[in-house]
Amino acid sequence: MNSTKATVSITRRLIVTVLSLEIIAAIALVGAITVHERHLQFTAFDASLRGTAESLMGAVQDAEDSGDNVMLDLRSVHLPKDSIFRVAETGRVLGSKGDLPDAVRDSASDKLDDKVHGRPYRFVILQGVRIIDPGNANKGTAHSVRVIYGMPTKRIWHEVLEAIRFFVVATLILLGVTALLLVWVIRRDLQPIHDLAHEAERITGADWNFSAPESARQTKELRPLADALEAALSRLQQSFAQQKRFTQDAAHELKTDVAIVKSSLQLLSMRMRTAEEYRAGLARGLDDLTRLEKTVQKLLTLARLEQPDDGRSRDCSLRAALEEAMHQSKSYADLRSIHIDAIVEDDAVVPLDRDDAVLLCSNILMNAIQHSTSGSVVEITLVEESATARLSIRDHGEGISEADRQYLFDPFYRGDLSRSRKSGGTGLGLSICRAICQRIGGSIDIENHPAGGALVTVTLPASLQPRSAVMSNNISA
Amino acid sequence: MRVLLIEDEQRLAENIATALREVGVAVDHAEDGEDGYQFGQQGVYDAIVLDLMLPGKSGQSILHDLRKRKIHTPVLILTALEGKDSIVQLLNSGADDYLSKPFDLGELLARIKALIRRAKGASSPILTVLDVEIDTIRQTVSRDGQSIELSPTEYRILEYLAHRPRAIVSKQEMLEHLYDFDWEHNSNVIEAHISNLRRKLNIIGTEPLIETLRHRGYRLREEAHR
């Protein structure tokens with residue numbers, strides 16, 4: 001599992017993602033809070049400016065003289081020390097404090113920002129009419145008063161920054177807590193993966209048992225993985241067991257054959273014998289050796305057929321292969337007085353080596369002859385329809401037992417647990433047939449014919465061969 | 001001695017049976033488990049050679065059933081199976097010995113003989129009765145230091161009796177243990193062989209070795225006078 005490439009940690013990724021999102025959200029939040037806080041503070045500031053300006057306006061009072069003059073009475077007005085104001089009547093300044101910039105003094109708007117000695121100020125300008133002595137007969141004198149009042153805005157910004165700082169600190173604490181929580185939660189939530197890995201780690205060549213832990217099974221996202229693992233392992237186990245059984249069977253078979261050869265020769269050498277006895281014994285030993293050789297040959301054939309196809313394109317006439325197989329098995333059929341009846345309506349070109357095609361046909365045919373009742377008929381039909389060749393071989397023997405049916409194509413299966421070899425053959429014939437068929441995507445099946453006897457059906461991908469081409473194929477073969 | 005061979009592999013069985021017969025052991029051959037069990041449960045064999053994979057009835061099951069029926073004939077297992085587990089299991093379920101295929105024919109014969117010997121209570125291959133020495137390996141007999149020439153059948157009778165000292169062995173038992181099914185069962189044959197055996201063993205200055213108990217059988221004398 002160790003990889004030289006950089007590994008990816010889901011935990012780290014999740015934490016980084018979540019924290020990044022949180023930081024972005026926090027920045028947006030702080031921005032919004034800044035805007036909002038600034039707005040709030042300035043609204044309050046404006047209100048307070050206006051309030052003070054109103055007070056200043058209210059402080060314009062009747063002067064203690066006889067005329068209708070007005071004066072500024074600041075006793076009831078509280079003015080912060082940084083504040084700047086100027087109260088003026090048309091043409092006459094009633095009172096002022098601080099250095100008011102000229103631009104503000106002459107401004108026509110009612111609110112204005114400007115700098116005084118480099119410090120930002122905000123000014124409100126109140127234009128009002130003050131009526132003095134409204135109780136007089138002439139209903140008082142109207143004085144047009146202009147009040148300008150300003151305060152430094154620095155303090156507001158200070159307030160805004162304070163608020164922002166509070167939020168930033170709170171957010172940072174929140175981020176830290178979230179990160180810790182995330183680590184804990186993610187670790188806990190990823191535990192089923194570790195459980196699954198731990199369980200999978202226990203699998204060895206000897207012990208294939210694997211059942212996904214309950215924690216992984218209950219995790220929706222892990223369930224497909226757990227199921228896939230279980231299924232894959234069970235398939236592997238099956239094929240492993242099959243291989244193992246095959247090896248054991250092959251070893252059993254070879255050992256038995258070797259035991260026969262060995263005992264034949266040792267028997268011969270147990271004591272001095274006549275030349276005739278030696279000759280007969282050697283002949284028997286040679287027969288035994290031939291059987292061993294056949295077993296080895298068939299094992300090698302099966303091993304070759306079970307290798308993946310090399311992709312080389314090949315084809316041969318199934319009809320020609322069948323004819324050759326019939327020719328090969330003729331003497332055996334005659335020996336058992338069995339008549340072979342072939343109905344070959346079409347020819348089909350199948351993507352097989354000619355030797356394999358002949359082997360396929362002759363194995364099935366020999367099997368049929370072997371299991372036929374003496375004097376009966378083996379019926380063969382070969383038809384081709386919609387790019388499929390179907391070869392059926394039926395015997396009139398005892399048929400097959402349903403219990404055996406699924407095992408008949410297994411190597412060394414002889415329809416009896418004992419693998420009795422009395423019937424001859426190695427028990428590899430049908431396995432070889434199946435391997436030949438499966439290699440090119442075909443199939444082979446064996447069943448009991450409704451009217452008795454066994455029926456073997458081979459289905460192979462094929463292309464129809466024009467009659468003239470059949471001829472030339474036969475000639476060239 | 002008479003051995004039952006239960007082996008479905010025809011050629012192998014032929015070779016083993018021939019080899020056993022050549023060393024003077026009577027052999028009955030069963031080709032499948034059912035027959036093998038039927039033969040074996042008669043209890044007339046001195047040893048059974050048992051293949052494990054058999055049609056009809058498996059070797060394990062034959063062994064199990066024989067032991068259940070109190071048949072204590074020594075059993076040698078022939079197996080082509082791998083694995084210590086199955087061997088341990090076989091020995092535990094009553095097998096006395098085993099050989100893996102492919103085996104050495106000479107070793108098989110030696111093991112069968114050793115099994116028979118041990119089952120009859122003799123651990124040495126040389127049996128001694130009074131002054132008679134029987135070498136079961138070389139199949140030679142000597143009395144008082146003098147070598148005695150015996151025919152194969154005479155030797156087998158003497159060896160069988162020597163394996164059962166003091167016991168009365170009936171003619172029927174001798175027929176069962178010394179001949180396989182291929183021979184004709186005729187108790188006169190035994191009488192003739194015993195008579196020849198007595199004559200050959202009768203060296204001057206020795207006592208008669210084989211006693212005849214009328215209608216009961218034969219017995220080797222063992223009361224030594226020296």
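Two strands count as paired if DSSP finds at least two bridges between them. Strands (E, at least two residues) and helices (H or I, at least four) are DSSP runs numbered from the N terminus.

## The sheet of chain A

In chain A, five strands make an open sheet with antiparallel pairing, in the order β4-β3-β7-β6-β5. The edges are taken by β4 (92–97) and β5 (111–116) of chain A, each of which has a single partner strand, so one side of each lacks a neighbour in the sheet. From one strand to the next the twist averages 20°; axes are lines fitted to C-alpha atoms, for helices over the stretch in contact, and angles run from 0 to 180 degrees between N-to-C directions.

In β6(A), P120(A) is the residue opposite K115(A).

## Basis of the model

This is a predicted model, in which local features need pLDDT of at least 70 and side-chain atom pairs count only at pLDDT 80 or more, while totals for chains, interfaces and linings use all residues. Residues are numbered from 1 along each chain as its sequence is written, and chains are lettered from A and ligands numbered from 1 in the order in which they are written.

## Contact between the chains

Chain A contributes 21 residues to the contact and chain B contributes 22 residues, two residues being in contact if their C-beta atoms, placed from the backbone, lie within 7 Å. On the side of chain A that touches chain B, the largest share, 13 residues, belongs to helix α5 (residues 223–268) of chain A.

By residue class, that side of chain A has six nonpolar, eight polar and seven charged residues. Here Ala, Val, Leu, Ile, Met, Phe, Trp, Tyr, Cys and Pro count as nonpolar, Asp, Glu, Lys and Arg as charged, and the others, Gly among them, as polar.

## Chain B overall

Chain B has eight helices and eleven strands. Of its 226 residues, 39% count as buried; a residue is buried if 20 or more other C-beta atoms lie within 10 Å of its own, exposed if 12 or fewer, and partly exposed in between, with C-beta atoms placed from the backbone. Among the contacts in chain B with a separation of 6 or more, 58% are between residues 24 or more positions apart.

## Strand β4 of chain B

Five of the five residues of strand β4 (residues 75–79) of chain B are buried, so the strand is largely enclosed by the rest of the structure. Both of its faces are covered, with V75(B), I77(B) and T79(B) buried on one side and L76(B) and L78(B) on the other.

Strand β3 (residues 47–51) of chain B runs parallel to β4(B) and is joined to it by four bridges; V49(B) is opposite L76(B). Between β3(B) and β4(B) the chain passes through helix α3 (residues 59–68) of chain B, in a right-handed β-α-β crossover: with the strands pointing away from the viewer, the path from the first strand over the helix to the second runs clockwise. β4(B) also pairs in the parallel sense with strand β5 (residues 97–100) of chain B, over four bridges, and T79(B) is opposite S100(B).

## The antiparallel sheet of chain B

Four strands of chain B form an open antiparallel sheet in the order β6-β7-β8-β9. Its edge strands, β6 (126–129) and β9 (146–148) of chain B, each pair on one side only, and the twist averages 25° from one strand to the next. Three bridges link strand β8 (residues 140–143) of chain B to β9(B) in the antiparallel sense, where S142(B) is opposite S147(B).

Helix α6 (residues 152–163) of chain B lies across β6, β7 (132–135) and β8 of chain B, at about 110° to β7(B).
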